[in-house]
Each structure stands twice: as structure tokens, then as C-alpha cells.
Amino acid sequence: MTYAWLIPALPAASFIILLFLGKRFGKWSHFVSVGAILSAFAISSFILYQVIGGRGSEVLIPWLSIGELDLNVGILIDRLTAVMLMVVTSVASLVQIYSVGYMKEDRRYHWYFACLSLFTAAMLMLVLSANYVQMYASWELVGLCSYLLIGFWFEKKAAADAAKKAFVTTRIGDVGFLLGLVVLYYAVGNLDVGSVLAARLAPAVATAASLLLFLGAMGKSAQFPLHVWLPDAMEGPTPVSALIHAATMVAAGVYLVARSYPIFAASGVAMDVVAGIGAVTALMAATIALVQRDIKRILAYSTISQLGLMMIGLGVGAYSAAVFHLTTHAFFKALLFLGAGSVIHSAHTQDIFEMGGLAKKMKGTAFTFAVGGLALAGFPGLSGFWSKEGILTAAFVKGAYPVFAAALLTSLLTAFYVGRLYFVVFTGSMRKNMQAKVHESPLAMVAPLAVLAFPAGLVGLIGSPLFGNAFQGFLRLGESGEHVNLMVMGLSIAVALAGLGFAWIKYSTGLLPSGLIKTSNPFFLLLKNKYYLDEIYTRGLVAPVVGGSRALFSFDSGVVDGAVNGTAWLTSKAGDLVRRAQRGQIQDYGLVMVLGIIVLIFWMLTFARL
Amino acid sequence: MSGPELVVFSLLGLAGVGSAVAVVSGKDLFRSTLFFGSFLLSVAGLYFTLEASFVGIMQIFVYVGGVVVMILFGIMLTQQEGARLNASLERRLTVAGPVALLAGILIAAIMTTSFKTVREVPGVDIATLGKLFTNDYVLPFEIVSVLLLAALVGAVVVAKEREK
Amino acid sequence: MGLEYYLALSAIFFGIGLYGALTRRNAVAVLLSIEIMLNGATLNLVSFSRFTPAKSTGQVFTLFIMAVAAAEVAVGLALVFALYRAAKTVDVDEIDMLRG
């Protein structure tokens with residue numbers, strides 16, 4: 001495992017190469033980047049194989065020593081890391097291959113791949129970090145890449161604004177992360193992951209540290225109330241949305257909580273907060289997703305909702321189920337986003353109601369999208385079903401019934417909006433103006449979809465009771481083994497089918513009148529406007545800051561600058577006055593000099609004794 | 001100062017003052033320059049009466065032979081027809097007042113001062129001056145030579161037509 | 001006992017030169033006037049060297065001043081030429097480039 005450092009190093013090298021030589025590589029840039037990530041994927045696979053064989057490792061090397069503070073960096077490989085490595089490298093590989101087709105026309109092609117490489121390197125560093133400071137640095141680097149890629153088309157104002165919004169919003173969470181590290185440092189004395197997790201923390205310290213860490217996770221994983229950046233982040237290129245804002249980076253928050261799970265587990269309050277926030281987020285995002293028209297935004301809210309579900313899992317103690325859901329979600333959400341990208345690429349619109357009947361022209365995309373959608377909806381037998389199942393069961397067994405109800409309702413809504421999305425986009429009749437331009441996407445895009453469809457549909461089986469919950473057993477961390485709860489499973493199947501079925505009736509058969517819900521319905525408006533959270537933030541947080549800044553600015557420009565400019569004005573006017581004496585005639589100056597000398601002589605003769 | 005000396009001094013002084021006045025008030029610049037030459041000769045004569053024969057000779061060589069000739073060339077190159085040489089009468093009077101006052105004060109001050117060293121000393125020969133230049137004043141001497149070189153080059157640069 | 005006379009005479013020369021320097025409108029004429037002032041000063045120095053024990057220093061100074069004056073005239077004339085070329089005049093009243 002001594003070569004594990006290569007996993008982040010290869011994409012990092014790719015970034016550096018593309019940064020300096022990218023222009024020269026031009027259209028061939030992706031060979032560097034894809035080659036690096038495929039190598040990293042190969043190494044990750046080998047490491048997973050070794051970890052399954054029972055080996056793990058923690059390598060620490062001293063990095064900095066500041067006074068009494070010793071910082072180490074290193075590589076920590078355990079089962080969680082191995083799983084995350086697989087998720088990140090496989091999704092990243094496919095997304096990068098897909099991008100070759102999707103970004104073909106872009107003039108900053110090499111820069112795009114450079115950013116993707118840097119992001120991948122940072123994300124891999126994040127999951128391999130053996131020290132929290134190292135993790136924090138990678139965490140920030142990941143945030144930076146997210147900023148760069150959301151704002152990749154920075155000529156578009158919406159993209160530039162979204163990038164800023166994402167950066168600023170997640171930063172609020174990052175402050176929490178940093179403070180959490182400070183607390184941990186004072187409590188434990190160093191920040192090596194191993195020793196921090198092994199330490200026995202006082203309950204109060206554990207609560208404080210875990211809540212602060214969770215604040216960081218809320219920012220990165222778009223949990224209520226810091227979720228507002230994620231839907232806007234869809235302004236970035238779609239493969240970026242798939243990789244960063246669906247599969248990997250937003251999972252970083254979940255990963256942070258999972259990695260620090262022993263700290264959270266030491267504090268009942270923290271666990272409840274995690275579960276509560278997760279439930280609120282899951283339900284809120286799912287309801288918003290019901291009424292959105294933009295295909296990527298629907299998926300974005302779906303992502304928020306599913307991340308909330310993962311938090312629920314962690315909060316109710318279903319550590320392995322949550323990580324399992326993270327894994328399955330990464331695959332099927334990446335698949336859905338890439339499918340959406342394929343649709344957008346072909347239809348040149350993101351409004352689902354302008355599409356329709358696309359299945360006829362885009363068979364490959366439609367089929368893979370259906371697989372992803374069903375997996376997300378929790379269709380029995382597919383990935384999402386098994387992983388969601390684990391979380392629901394854990395919530396139910398623990399007796400957290402409100403959370404369980406929220407999760408169940410979320411599942412129902414999820415199934416419904418997935419059905420709505422699929423039926424509106426792919427079935428029904430095609431718009432006339434779409435007929436001509438719609439076509440199947442190039443092979444570079446469809447092939448990753450096809451490849452991704454397998455894990456998206458089937459990876460869940462590893463964690464299913466059919467295989468003895470092998471995945472959960474692999475990751476298990478002190479929790480009791482899961483038992484299949486037939487009632488929960490039955491409810492879960494029921495809500496998934498009910499949601500899909502209702503969507504089918506509503507959007508595909510036309511059995512229900514279309515004006516069933518009036519667009520003036522206040523609840524509809526509430527959802528449509530995303531609970532007015534953006535407006536509340538604008539009025540409540542941004543406006544006072546801007547107002548205060550304005551006041552200070554007017555003080556500065558009025559009083560401070562006024563004083564400065566007044567002085568300058570006075571000097572200038574005085575200069576104007578005195579300038580009249582200066583005619584530029586040197587002989588006049590000479591005459592004045594003579595007069596001055598005479599005065600001086602008189603003065604010396606009269607007052608000074610020579 | 002004895003009788004003959006006083007006579008010589010008076011004649012030279014009058015010649016000098018007359019020439020100087022002609023230099024600063026004449027209407028013709030060319031003529032002014034010639035009067036400037038006669039002024040310089042008067043001063044050289046005064047140097048001889050002060051037993052500073054080497055300085056007097058240098059005055060004639062450098063000033064009369066060099067500077068005056070150079071200025072004549074300058075006048076010929078820049079002379080303009082009908083250019084007025086003098087300022088207005090009003091201005092001349094305005095200047096004359098203070099200048100006369102200044103000169104008056106100076107003369108009054110000189111005449112009322114009793115200088116301590118009034119003993120006449122023998123004149124200085126060239127050999128002494130040469131030794132002084134190569135011993136006590138060797139550094140200023142060398143600096144002056146550099147200054148002359150710099151002035152020579154500088155004058156050429158300043159006067160030279162600018163290349164586009 | 002002739003020191004005062006020489007000094008007074010040099011003061012008169014200086015005054016005449018000063019008057020010329022302040023009233024002449026031609027740059028070359030101003031240069032001449034300044035030379036008269038300089039001669040007044042050097043006459044002063046030679047007089048002191050004649051009538052004081054610090055004998056030869058005044059003459060040395062005078063010779064130095066002559067050298068400097070020659071340099072000054074050379075540079076001064078060069079300036080007059082440059083001025084003439086730039087402003088097409090050597091009338092100092094019309095030259096007020098010093099004015100800001």
C-alpha cells in the first residue's frame with residue numbers, strides 16, 4: 001500500500017501538466033487527464049482488494065512543527081476509504097470520458113480537464129487524509145475546484161453568481177469545520193485522525209466538536225439551511241454537476257460525518273441534530289423537486305433530498321447503511337445527471353415541459369435514464385431500494401418515528417417526481433420544433449451511460465439481504481447487524497410503486513385533468529419559490545450587510561474623502577492665488593532677489609552684530 | 001596710494017565704468033560686446049596695478065581672446081533685425097533704484113570699514129602660483145579641468161540639433 | 001591704503017552688471033552683464049590678495065573663476081542657441097517657460 005499516494009498524485013500531476021502545457025495539447029488534453037484517473041482507478045481497485053483481504057494502513061509523516069503544534073500528513077486506508085476511493089475514481093473516470101464528448105466544442109477544453117483533474121486529486125486526498133488539517137486543506141481545495149467549475153462559463157452572469165454563492169455559502173460551513181478542529185485539538189492534543197477517533201471525549205466536548213464538524217458537512221453536503229447553493233450550482237457544465245454536485249463532493253460532508261462517526265456517536269444530542277436536519281432537508285428538498293421545471297434543478301433538489309436521507313441514516317446510527325446509500329446514490333445520480341446532460345445536449349433546453357417523447361429518438365439515453373430513475377425511486381430490486389431500505393429500517397428499529405415518517409414520505413415524493421421527470425421528458429408526444437434537432441448523443445457520451453447503468457442498477461445487490469448484507473458487514477462499525485423488517489420493506493415498496501404509479505397516471509395517461517392543482521395555489525407557490533429561502537436570505541442577511549456597508553461607504557466617501565478632498569481643494573486654491581506672482585520672467589525673480597538682499601542687509605546691519 | 005598710482009587707477013576705473021555702462025545700456029548688441037572687450041581690458045589693467053600680472057594676462061587671453069570672440073559668433077548666429085535690446089524705461093528705473101541702493105550700501109559699508117591688513121605685500125610671481133596649483137589646490141585644479149571638459153561636451157549636446 | 005577704492009570700484013562694476021542682467025532683453029546681453037558682475041567679484045579677490053598677507057590665494061581663486069566663467073559662457077551660449085532654435089527668439093521677455 002506504499003503506492004497509495006499515487007492515487008491523488010496522478011490526477012494532481014495531470015493538473016500541473018495541463019496547467020502548463022494544456023494549450024499545446026489542445027483537443028488531446030483529455031488523454032492526460034483520463035489516463036491519470038484510469039490509473040488511479042486501477043490502483044484503487046487493487047487497494048480495495050487488499051482491504052477486503054483484511055489489510056489497512058496508516059502512514060504518517062511529520063509535516064510542520066510550530067511551537068508545540070506538530071502537524072502530520074499521511075495516508076489512512078481503511079474500509080471506508082477503500083469504498084470512497086472506488087466511488088470517486090470510478091465515477092470520475094466515467095464523467096471524464098463522458099466530458100470528452102460533452103465539452104468537445106468548448107474553447108477552454110484543456111482548462112476544463114485541468115480543473116477536473118485538480119478536483120479529483122483534492123477529493124482523493126480528502127478521503128485518504130490521515131490528519132484533519134490535511135483533510136481540511138483538501139476540503140477547501142475541493143471547494144475551490146467547485147467554484148472554478150460552477151463558474152466555468154463565467155461569461156454567463158448566472159454562472160459567475162452561482163459560483164460565488166456556492167463558495168460563500170459553503171464557507172459558512174467551513175468556519176464551523178475549522179472551529180470543530182480547534183475544539184478537537186484542545187481536547188485531544190493532536191489532529192491525527194486515528195488518535196482523535198480513539199480518544200475518549202467528554203460528552204460536552206464531543207457534542208461541541210461534532211456539531212461544529214456537522215456545520216461543515218451541512219455546507220458541503222447542502223443540508224438545510226445551507227443548501228441554497230446547490231441548485232444554483234447547476235449553472236456549471238452538466239458533467240461537473242454529475243461528478244461534483246451529485247456524486248462526490250457533496251458526499252464529502254457525509255464522508256466527514258462518517259469518518260468522524262465515533263465522535264458523533266459519543267453525543268446523543270449531535271446524533272439527534274444530524275437526524276433532524278437530515279429529515280428536514282430530505283422532506284423540504286423533495287417537495288421543492290415536485291414543482292421544478294428545470295431538469296437539472298429537479299435532480300439537484302433530489303440530490304439534496306438524498307443527502308438528507310444519508311444524514312438521517314448517520315443520525316439514527318445506521319453508519320454502514322448511510323455509506324451504502326452514499327455509494328449507490330453516487331452511481332445512479334451520476335447516471336441521471338449524465339443522462340440529463342445527454343438530453344440537454346440534444347434538446348438544447350433544460351425545461352422538461354418543452355421536451356417530450358424523447359425516448360423514440362434517444363433510446364440509449366432513455367433506457368439508462370430509466371434505470372437510474374428507478375434506482376433513485378427505490379424500485380424493488382434496484383440499488384436505491386436496498387440502500388434506502390437500510391436507512392428506513394434503522395430509523396424504524398431505533399424508534400425515531402418522526403424521522404422515519406419523514407424518510408418514508410420523502411421516498412413517496414421521490415418516486416413521484418422521478419416518475420414525473422421521466423414521463424414528461426421521454427414519453428408522450430414530441431414538440432414539433434424538437435423533431436428535427438433531437439438526436440442520440442455521441443458514443444463517448446452514451447458509452448459511459450451504459451457502463452454506469454450497471455453499478456447504478458446493481459451495486460445495491462452487494463448490500464442486499466440476498467447477499468447477506470455483505471457491504472454493511474464490510475463497513476460495520478459497532479452497530480448491530482441489520483435484520484430485514486418485512487413491514488418496513490413492504491411500506492417502502494408500496495410508496496415507491498404508489499409514487500411512480502401516480503406520476504404515470506398524471507403525466508402519461510392524461511386520465512387526470514391538467515388543471516387539478518391551480519398555479520395560484522399558495523402551497524404550489526411556496527414550493528415553486530423554494531420556500532422563499534433565497535428571498536429570506538436576501539432580505540434578512542444580505543440586505544443588512546449591504547445596507548451597513550453602504551452606510552460605512554457613504555461615511556467614507558462623504559466625511560473621510562471629503563476631508564481629504566477638502567484639503568486638496570484648499571491647497572489648489574491657495575496655489576492659484578500664489579501662482580499669479582509667478583510670471584515666469586526670470587528677471588522679475590532677479591529683481592525680487594535684489595530687494596530681498598537689501599532687506600537682509602538692513603536687517604543684519606540693524607539687528608545682528610557683525 | 002601715491003599720486004601716479006591714483007591717476008592710473010582713476011583712468012582705468014573710469015574706462016571700466018564707462019565701458020560697463022555702455023555694455024548694459026547700448027542699443028546695438030555688437031557694439032555692446034566690443035565695449036565689453038574694453039571693459040575686460042580695463043579690468044586687466046587694474047590687475048596689473050595690483051601686481052597680479054599673470055591674472056591680468058590670463059584675463060586678456062581667456063576673456064578678451066576667447067569669451068568675447070565666442071560671444072561675437074553667438075550674436076552673429078542669433079541676431080535678429082529690429083530686436084529691442086532694452087526693457088521699457090519704467091522697468092529700467094524700477095531696477096535702477098534698488099540696484100543703486102544696493103551698490104550704495106556696499107560702498108558705504110566698504111568705506112566705513114577699517115580693514116585690519118592694510119600693509120602692502122609684494123606681488124606674487126608665476127612660479128608661486130604654479131606651485132600652489134600643483135600642491136595646495138591640485139584637487140580644485142583637476143576638478144576644474146573636468147568641469148571644462150563637461151562644459152565642452154554639454155555645450156555641444158545642448159546646442160546640437162536634435163535628431164528626430 | 002587703496003583697498004577701499006578697489007573694493008568700491010568692484011562694487012560699482014557689480015551694480016552695473018546687476019542692472020544689465022535685470023534690464024537687458026537679449027539673452028546674450030544678459031550673459032555679458034553677468035560677466036561684468038563676475039569681473040567685479042574677481043577684482044575684489046585680486047585686491048584682497050594684493051593688500052593682505054594671505055597673498056596669492058585670491059589670485060588662484062580668480063584664475064579658477066576665469067576657467068569656470070569660460071565654461072559658463074560656453075554652456076550659456078549653447079543654451080542661447082538651443083533657445084533660439086526652440087523659440088525662434090532670444091528675447092527673454094517672450095520666454096516664460098518657467099511659468100507653470
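**View 1. Chain B meets chain C in this predicted model**. The contact draws on 76 residues of chain B and 69 residues of chain C. Together the two chains bury about 6900 Å². Carbon and sulfur atoms account for 75% of that area. On the chain B side, B:Val24, B:Leu50 and B:Thr78 lose the most area to chain C.

**View 2. Polar links join chain B and chain C**. Here 10 residue pairs are in polar contact, both residues at pLDDT 80 or more. Six helices of chain B each give at least two residues to the side that touches chain C: α1 (3–25), α2 (29–49), α3 (53–78), α4 (89–112), α5 (126–134) and α6 (138–159). The largest share, 13 residues, comes from α3(B). By class, this side of chain B holds 54 nonpolar, 14 polar and 8 charged residues.

**View 3. A salt bridge links C:Arg50 and B:Glu51**. The N to O distance is 2.9 Å. The count between chain B and chain C is 1 salt bridge.

**View 4. Chain B also touches chain A**. This contact takes 7 residues from chain B and 9 residues from chain A. The pair buries about 730 Å², with 84% on carbon and sulfur atoms. B:Arg91, B:Leu102 and B:Ile105 supply 59% of the area that chain B buries against chain A, more than any other three residues.

**View 5. B:Arg91 pairs with A:Asp588**. Their closest N and O atoms lie 2.8 Å apart, forming a salt bridge. The side of chain B that touches chain A has 5 nonpolar, 1 polar and 1 charged residues.

Methods
Residues numbered from 1 in each chain as written. Chains lettered and ligands numbered in written order. Predicted model: local features only at pLDDT ≥ 70, side-chain atom pairs only at ≥ 80, totals over all residues. Heavy atoms only, no water. Contact = heavy atoms within 4.5 Å. Buried area = accessible area lost by both parts, 1.4 Å probe. Salt bridge = Lys/Arg side-chain N within 4 Å of Asp/Glu carboxyl O. Nonpolar A, V, L, I, M, F, W, Y, C, P; charged D, E, K, R; others polar. Polar contact = N/O pair within 3.5 Å; in protein donor to acceptor, adjacent residues only side chain to side chain. Helix = DSSP H or I, 4+ residues; strand = E, 2+ residues; numbered from the N terminus.
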